Amino acid sequence: MRVVIAEDLALLRDGLIRLLTANGFEVAAAVDNGPMLLDALTGGRPDVAVVDVRLPPGYSDEGLRTALEARRLVPGLPVLILSQYVEQLYARELLSDRSGGVGYLLKDRVGDVDRFVDAVRQVAAGGTVMDPEVVSQLLTRRSRDEPLGGLTPREREVLALMAEGLSNLAIAARFQVTDKAVGKHTNNIFAKLGLPPDDDHNRRVMAVLTYLQHVT
C-alpha cells in the first residue's frame, strides 16, 4: 500500500516514515510543503495520504487546502489529516464532499501505533476515521433543530462511536450489550436520518457525515 506523508517537522516526518514502513506501507513520497504535496498526490496517485494541516509557506491551513484540491483533481483520494488541535471548520470541510476515505486525528494519537496504523488502513479502504476529541467537540455544539435531534441519547452515543470508526461488535463490547442490540440502534439511526436501504458500509459513512456536518 503506497502512502504519501506531508509533515514539515523533520523529526515527526522521519518517525512517520519509519512507523509506516515497519507496518508494511510503501512511502511513495514524504514532503514538507503544499506545492510538493500536490505534485505527489496528483502525480503519484497514492493509496492514502497522511497530511499535516499546517504546512509552509503560510503555516495556516495549506496542508488541508492542498488535500482538498488534490481530492478535487483525483476524486475519492483517501486522506488522513493530522492536527495539533481540534479545528472544527477543517473537519467539516474535509467531510463535505462525501467522496472517498477521510480521517482527522490529533497528532498525539500517533503514539498509539496500532490504532494509528489501523486508522490509516481504514481511510485507505474508503472508511471514515474521526478522533474522539473532534467528535466530542462537534457533539457539544450540535443544534437541537437538526436531524440528529430526533435520535435518542443511546443512539447518539452509538453514532458517536461509529464516527470514531468502531464496528458494531466493538460498540457492543463497549456498552456490554449484544451485537444484535447495536444493530437495532444503527438501523434506527439510518431510518431517522432518512438513509434508504443500501450497502451498510455506505449508510454508516453517510450517517457519520450527517452527524459531523450538522454542527453550528
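Helices here are DSSP runs of H or I with at least four residues, strands are E runs of at least two, and both are numbered from the N terminus.

Some housekeeping: this is a predicted model, where local features need pLDDT of at least 70, side-chain atom pairs count only at pLDDT 80 or more, and totals for chains, interfaces and linings use all residues. Residues are numbered from 1 along each chain as its sequence is written, and side-chain values use heavy atoms, leaving out hydrogens and water.

Next, E155, in helix α7, residues 153-163. Is E155 buried or exposed? It is buried, because its relative accessible area is 3%. Its side chain makes a polar contact with the side chain of K192 at 2.8 Å, and reaches the backbone nitrogen of T152 at 2.9 Å. By polar contact I mean a pair of N or O atoms within 3.5 Å; within protein, one must be able to donate a hydrogen and the other to accept it, and residues adjacent in sequence count only if both atoms are side-chain atoms.

Last, G126, in the loop between α5 (113-124) and β6 (128-130). At 23% relative accessibility, G126 counts as partly exposed. Its C-alpha sits 5.2 Å from that of G100, 26 residues apart along the chain. Thanks, all!

Note on methods
Buried < 20%, exposed > 50% of the residue type's maximum accessible area, 1.4 Å probe, protein only.
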